[in-house]
Amino acid sequence: MIFDFNTAAKAAIGCWATGSLLSLFARRTPALKLAALMLSFAGSLVMVGFIASYWSLLDRPPLRTLGETRLWYAALIPLVGFLVEYRWKITWLKYYCMGLATFFLVINMLHPEVFDKTLMPALQSPWFIPHVVVYLVGYVMLAASSVTALHNVSLQLRSKGNVNGESVSHYLALLGFVLLSFGLIFGALWAKEAWGHYWTWDPKETWAFLSWLAYLGYLHACRYKIDRGKLQWYLALSFLVLLVCWFGVNYLPSARNSVHTYTQS
Amino acid sequence: MVVVRRRWFQTPWEFRESSLVAALTVVAGFMLQYATGQGLPPLHLPVNAVVLALFAALILGAGLWFRENTLVQWLGGIPLGLSLIVAIALLSLIGGVIPQGEAMPGSLSALFGVHQIFSSWPFALSILLFLVNLGLSLSWRLVPFSMKNIQFILFHAGFWIALSCGVFGAPDLQRMVVKVDEGQESNLAWSMEHETEQQLPFSIFLHDFSLEEYPPQLFLYDPQKNQPLQERNKTTTTLHKGVKASWTDVDVEVVDFLPSALPGKDGVPEPAESKAGVPFAKLRIVTADAAPIEAWISTGSPMMKPWAVPFRGLYFVMMPGTPKAFRSDVTVRGESGQLERATLEVNHPINVMGWKLYQMGYDDEVGRWSKYSLIEVIRDPWLPAVYLGFFMIMAGNVLFFWNGIKQKEVAS
């Protein structure tokens, strides 16, 4: 094969690791700051490049299997970390994000997937890419929101006030919720064209609805004068529902008849 | 500061009372389910539309005329809304974990409707109360109207319309399957839900069914373990001329590949354009300890046995590719004689006389040699209303996103 996943993954992890190290040293030597950022950024760039080459080699978007979706998370999650640093001057989130991305890549290295070009007819739809990409970006936002919330909880336990951090987890959850709504509706519109009905309570649909409800609940609790600080636990744990929806569904008894159990090649 | 403890049911009602009412709704639903032994009686057009219109008018009327009433305010408030979101989420959780549709008749879980949770009484009552809650909160933002509330109105009204029309309109959804043989016409549809056959107001004539496959693949098959051996690079080998593959100490090269061929007089495959043609590949098998072997393999077809190459107790076999696309060339004839020719394909349904026609399936046993096509016919008169709701939700979300970003600027 012309491309090699392991090389790309190791290069990306290497970039993130050295970038993170440099960034820690940059606290004392600010001159290193730019180099650290460039290196961390290069890690994601490597993954974006790999996804692009993989896409052209497969002749289809690499969004079909769980392993393929992990590639996208690995590329995108660190970018959210950099964005948050740029926007809110919060520096710690990017380390978590790069750690999470590394974790996804390691899973893929341990479970190499069979290279498969086929795409079943139902997936050959103009809705395929918008539906999955909107969900991917939404999940990335909510993952970052959950990590931020967890960090806020740990600060609270040490009795440190942290209004800025709470507003970061809040806005990430808000943006994530908007993207979940779009993903859900795009999925419904696609389902009508491919399977004949927009909503059939397929287990994946049910869990997508559940995770949507979880964040809908959060937003209304926020609206109803409930202290945001108290909701950090809730935000941190909501992501677990998303994780069940993303891949946990495959292991549930209800998944036997699902159209969403990704092909296990 | 003196903390005054709220008593139960002290006005205004808060989360405690709301959670209690939500829980009682669910319990009452399960009791109703147990007592009646079935879910809601299905209401069809026009009855369901009238009931929905009355329901909406009632909510709007109550919201506008009694907006100062504490009970109405509580009914449309966030505490009840949140409690119902939790109730609906818990019921959905049951539906998301327990397989739906397969119940042991007479079992306790079947009696409480756990296997049909989404058409059960507890779910229906929770949704109805949720619609009351959502509708009331909406009525207060609608009147007096202000552009400031447009994002709230779009999202909540969209959700109300999509949810209510989806729920009230569900009994009017008709889903049936028509099986048509090539060169034949049929107007008989089978309803899997009701297990009945029904005449359609149109008929479908099938000119041709065709199926396109991905290229076939090469496997080294172990008949004892009944599974293929893993290739050295852990890849699957898609067949085309010049492709190479290796298993432990054996190297294979495809020296010739014919996508559509038939065996000639001397047994050597010759290219054939006809529909009966099958793919053939000529393999060159090289090992360290023996002279190279050259032999043909093929997927075979219902008319021809597959060709395999035996090798040390194993077999080199060609597996047909998975379906890439399948389509039916049809003519639909209405009751008044109007004709419409169309091609049905997965993801490309057609609209005919208020029905939507979908390419559903074919004879799986023979794949592309299937002599019939399964066409799904669907009618959902409530679809435009549900879609209106969807688009309002999306429009509301765009504004939410936009405002979220704008507020972010203020926050930082």
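Colleague: Where is B:Pro46 placed?
Modeller: B:Pro46 is in the loop between H1 and helix H2 (47-65) of chain B. Helices (H or I, at least four residues) and strands (E, at least two) are DSSP runs, numbered from the N terminus. The model is predicted: local features need pLDDT of at least 70 and side-chain atom pairs count only at pLDDT 80 or more, while totals for chains, interfaces and linings use all residues. Residues are numbered from 1 along each chain as its sequence is written, and chains are lettered from A and ligands numbered from 1 in the order in which they are written.

Colleague: Is the peptide bond that joins B:Leu45 and B:Pro46 cis or trans?
Modeller: The bond between B:Leu45 and B:Pro46 is cis, with omega about 0°. The bond from B:Thr11 to B:Pro12 is cis as well, with omega near -10°. B:Pro12 belongs to the segment before helix H1 (15-36) of chain B.

Colleague: And what about phi at B:Glu195?
Modeller: B:Glu195 is not a glycine, yet its phi is positive, about 55°. That residue is in the loop between strand S2 (185-191) and strand S3 (196-213) of chain B.

Colleague: How is chain B divided into domains?
Modeller: Chain B has domain 1 (15-172 + 384-411), domain 2 (175-212 + 324-379) and domain 3 (215-321); domain bounds come from an automatic or database domain assignment. The centres of domain 1 and domain 3 of chain B, taken over C-alpha atoms, are separated by 58 Å.

Colleague: How do H6(B) and H7(B) pack?
Modeller: Helix H6 (residues 121-142) and helix H7 (residues 150-169) of chain B pack at about 150°, with axes 10 Å apart. Axes are lines fitted to C-alpha atoms, for helices over the stretch in contact, and angles run from 0 to 180 degrees between N-to-C directions. H6(B) is therefore roughly antiparallel to H7(B) (under 35 degrees is roughly parallel, over 145 roughly antiparallel, 65 to 115 roughly perpendicular and the rest oblique). Among the residues that meet are B:Leu131 and B:Leu138 in H6(B) and B:Phe159 and B:Trp160 in H7(B).

Colleague: Turning to the chain pair, how many residues of chain B are in contact with chain A?
Modeller: There are 46 residues of chain B in contact with 45 of chain A, a contact being two residues whose C-beta atoms, placed from the backbone, lie within 7 Å. H4(B) gives the largest share of the side of chain B that touches chain A, 12 residues. That side divides into 26 nonpolar, 15 polar and 5 charged residues. Ala, Val, Leu, Ile, Met, Phe, Trp, Tyr, Cys and Pro count as nonpolar, Asp, Glu, Lys and Arg as charged, and the others, Gly among them, as polar.

Colleague: How is chain A divided?
Modeller: Chain A consists of domain 1 (1-74 + 92-114) and domain 2 (121-260), whose centres, over C-alpha atoms, are 23 Å apart. Each domain gives 12 residues to the contact. The side of domain 1 that touches domain 2 has 10 nonpolar, 1 polar and 1 charged residues.

Colleague: At what angle do the axes of H5(A) and H6(A) cross?
Modeller: Helix H5 (residues 128-157) and helix H6 (residues 163-195) of chain A cross at roughly 155°, and their axes come within 7 Å. H5(A) is therefore roughly antiparallel to H6(A).

Colleague: What is the mean pLDDT of chain A?
Modeller: The mean is 87, and 94% of the residues of chain A reach 70 or more; pLDDT is the predictor's confidence in each residue, from 0 to 100.
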